[in-house]
Amino acid sequence: MVKQRFSTVFLRLKWISADLLASVCLMKRAVCPGSFDPVTFGHLDIIERASAQFDEVVIAVLVNRTKSSMFTVQERMEMITKTTAHLPNIRVDSWSGLLVEYCKSNEIQSIVKGLRAVTDFDYELQMAQVNLQASGVETMFMATAPAHSFLSSSLVKELAHYGGDVSSMVPKIVNEALKARVAESGN
Ligand code: PNS
């Protein structure tokens, strides 16, 4: 009797774990890569909309070799973690190699990028094509909401540097971090 109950429970557990394994393997996972130096309302709009389309979205803070940064990778990750805390399927990570290598080792099938204007298009198209050819990973472009189409981290940093008001462009904690960093730099 006890033996029979045990085997029934065991069989059920096996069935549940096989089901769980299948759903994890079939998960639709995407990455939103970027410098996020710092994260803006434009990024957050894309992240929120991507989180509604995929089972899991990884926000990968990457090193862009062509840009110098104001915040460390750790600081950028913390700001993203705090400002996306309301989204259940977001994971924040960092990476300093090729994006497609990150996708491969994390079983990510799609890259999600926001397109603000035609000025973004040439470069983004080139990267999407290189990434597709190198790895088969697809890039999905999302149209930036018109309210954010002029917004970039570089513009926010420039405005903050000269004491401009960026409160409508970034979350409160990012605004405070910007003010503190500008005050620290003292110029
Ligand atoms: O926010 P950014 O700076 O526009 O993001 C650009 C970024 C970091 C996503 C891009 O430079 C990138 O993917 N870098 C990782 C290295 C890589 O895979 N390069 C593209 C193929 S050559």
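Trainee: To begin with, which backbone N or O atom lies 2.9 Å from an oxygen atom of the ligand?

Mentor: Bearing in mind that this is a predicted model, the backbone atom in question belongs to Leu99, whose N or O lies 2.9 Å from a ligand oxygen. Side chains take part as well: an N or O atom in the side chain of Asn64 is 2.8 Å from an oxygen atom of the ligand, and for the side chain of Lys67 the distance from an N or O atom to a ligand oxygen is 2.8 Å. Of the 550 Å² that the ligand exposes when taken alone, the protein buries 74%, and the space that the ligand takes is the largest pocket.

Around the ligand one finds Pro33, Gly34, Ser35, Leu62, Asn64, Lys67, Gly97, Leu98, Leu99, Tyr123, Met127 and Asn131, a shell that divides by class into six nonpolar, five polar and one charged residues. In terms of secondary structure, strand β1 (29-34) and helix α5 (118-135) each contribute at least two residues to this shell, and α5 gives the most, with three residues.

Turning from the shell to another lysine, Lys113 is found in strand β4, which covers residues 110-115. Lys113 counts as buried because its relative accessibility is 13%, under the 20% cut-off for that class, and the side chain of Lys113 is joined to that of Glu124 by a polar contact of 2.9 Å.

Note on methods
Residues numbered from 1 in each chain as written. Predicted model: local features only at pLDDT ≥ 70, side-chain atom pairs only at ≥ 80, totals over all residues. Heavy atoms only, no water. Near = heavy atom within 4 Å. Polar contact = N/O pair within 3.5 Å; in protein donor to acceptor, adjacent residues only side chain to side chain. Areas by Shrake-Rupley, 256 points an atom, 1.4 Å probe, with all protein chains shown as cover. 1 Å grid on protein atoms, 1.4 Å probe; cavity = no way out; pocket = protein on both sides within 12 Å on 5 of 7 lines; lining within 4 Å. Sits in = over half its atoms within 2 Å of the grid points. Helix = DSSP H or I, 4+ residues; strand = E, 2+ residues; numbered from the N terminus. Nonpolar A, V, L, I, M, F, W, Y, C, P; charged D, E, K, R; others polar. Buried < 20%, exposed > 50% of the residue type's maximum accessible area, 1.4 Å probe, protein only.
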